[in-house]
Amino acid sequence: ERVMEEDKPCALISELWSEHAYLKELSDLLKQHFHTISYREFLQNPALHAPKIQAIFMWAPSSAAEPSLLRSLPSLKVIANGGAGIDHLDLPFIASLGVKVTNTPGVVSDATADIGMGLLLASARKIVQGHQVAVDPKTNNLSSNLMGFEVTGSTLGIIGMGHIGYKIAQRGKGFEMKILYYNRSRSDEDERAVGATYCENMDDLLRRSDFVMLAVNLTPETTGLIGQRELSLMKPTATLVNVSRGLVVDQDALVKALQSGTIHAAALDVTHPELLPRDHPLLGLLNVLITPHVGTDTYQTTRRMVEVMVENARAAVNGLPIPNEVKPQ
């Protein structure tokens with residue numbers, strides 16, 4: 001049945017939304033259940049819109065999460081975040097306003113694990129360099145040095161064994177990799193399912209792994225988790241792959257480790273900041289592969305993410321149990 005436009009709750013949509021062509025299609029999913037106001041529209045007349053807004057739909061960090069803005073929304077009930085990471089939201093502050101926060105954890109795991117393995121393979125087998133050689137008009141023979149490292153049978157160390165880490169382990173198993181993992185808590189069930197070996201301490205994993213994959217949430221404990229000391233423990237032939245958050249790695253230490261041969265390579269879907277300044281030293285290194293935080297950017301995952309954001313927000317607005325509520329620790 002057609003819900004009358006004025007009967008729908010109002011939702012503020014963070015700025016990223018309106019800039020992405022595919023998301024425009026998905027905004028129809030939102031409009032079935034919410035009267036949507038873009039961040040730009042909101043700023044043109046905050047006094048008009050603020051009293052009505054009950055939900056905010058947010059992707060990644062956004063000015064829509066500024067405390068002063070949130071304080072100005074008396075009817076706000078929920079911030080529905082797309083993706084698993086909510087490190088850009090101040091949970092205790094938002095809870096103090098009586099506002100719920102939701103995320104979309106399980107939905108993003110496959111796509112993020114796929115990009116992790118994609119980066120690992122592309123880095124190990126020099127796929128991007130190979131493409132550049134193959135298409136370069138100056139190439140007249142294919143003798144350039146594109147020797148890579150074998151992925152099959154190598155050791156994959158996964159730091160963070162949540163939904164995403166587990167999916168990465170499954171994929172590693174398909175490549176006959178030896179899988180080590182380090183996590184706050186140990187899971188015998190997961191270990192058996194993917195044939196992974198638990199490391200009591202992270203140093204042990206760093207010393208033994210050919211590929212170290214970061215799949216942790218960003219928290220105060222994981223900020224700067226991989227610094228100079230940790231990189232120095234890795235093999236000089238090892239590659240660091242990061243699909244978590246840029247701040248999990250001390251970037252200055254990473255630049256030094258890559259320049260000095262302390263580690264062989266890095267493959268990153270995340271940096272800090274995003275985008276990096278165009279003169280950042282990481283961008284000039286041949287042993288770095290960077291993608292612009294595209295871990296969840298597939299048509300299927302993005303669509304499912306929006307569906308789950310809508311389910312979460314509708315539940316919160318209607319005072320029902322919320323499928324994916326994130327509570328402050």
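Trainee: Which residue forms a salt bridge with D87?

Mentor: This is a predicted model, in which local features need pLDDT of at least 70 and side-chain atom pairs count only at pLDDT 80 or more, while totals for chains, interfaces and linings use all residues. Residues are numbered from 1 along each chain as its sequence is written, and side-chain values use heavy atoms, with hydrogens and water left out. A salt bridge is a side-chain nitrogen of Lys or Arg within 4 Å of a carboxyl oxygen of Asp or Glu. Here the closest N and O atoms are 2.9 Å apart, and the partner of D87 is R245.

Trainee: How much area do domain 1 and domain 2 bury between them?

Mentor: The domain assignment, which is automatic or taken from a database, gives domain 1 as 10–106 + 298–326 and domain 2 as 108–290. Buried area is the accessible area (1.4 Å probe) that two parts lose on being put together, summed over both. In domain 1, D87, G106 and T301 lose the most area to domain 2. Of the area buried between the two domains, 57% is on carbon and sulfur atoms, and the amount is about 640 Å².

Trainee: Is F57 buried or exposed?

Mentor: F57 lies in strand β3 (residues 53–59), a strand being a DSSP run of E with at least two residues, numbered from the N terminus. Buried means under 20% relative accessible area, exposed over 50%, and partly exposed in between (1.4 Å probe, protein chains only). Because its relative accessibility is 0%, F57 counts as buried.

How values were computed:
Helices (H or I, at least four residues) and strands (E, at least two) are DSSP runs, numbered from the N terminus.
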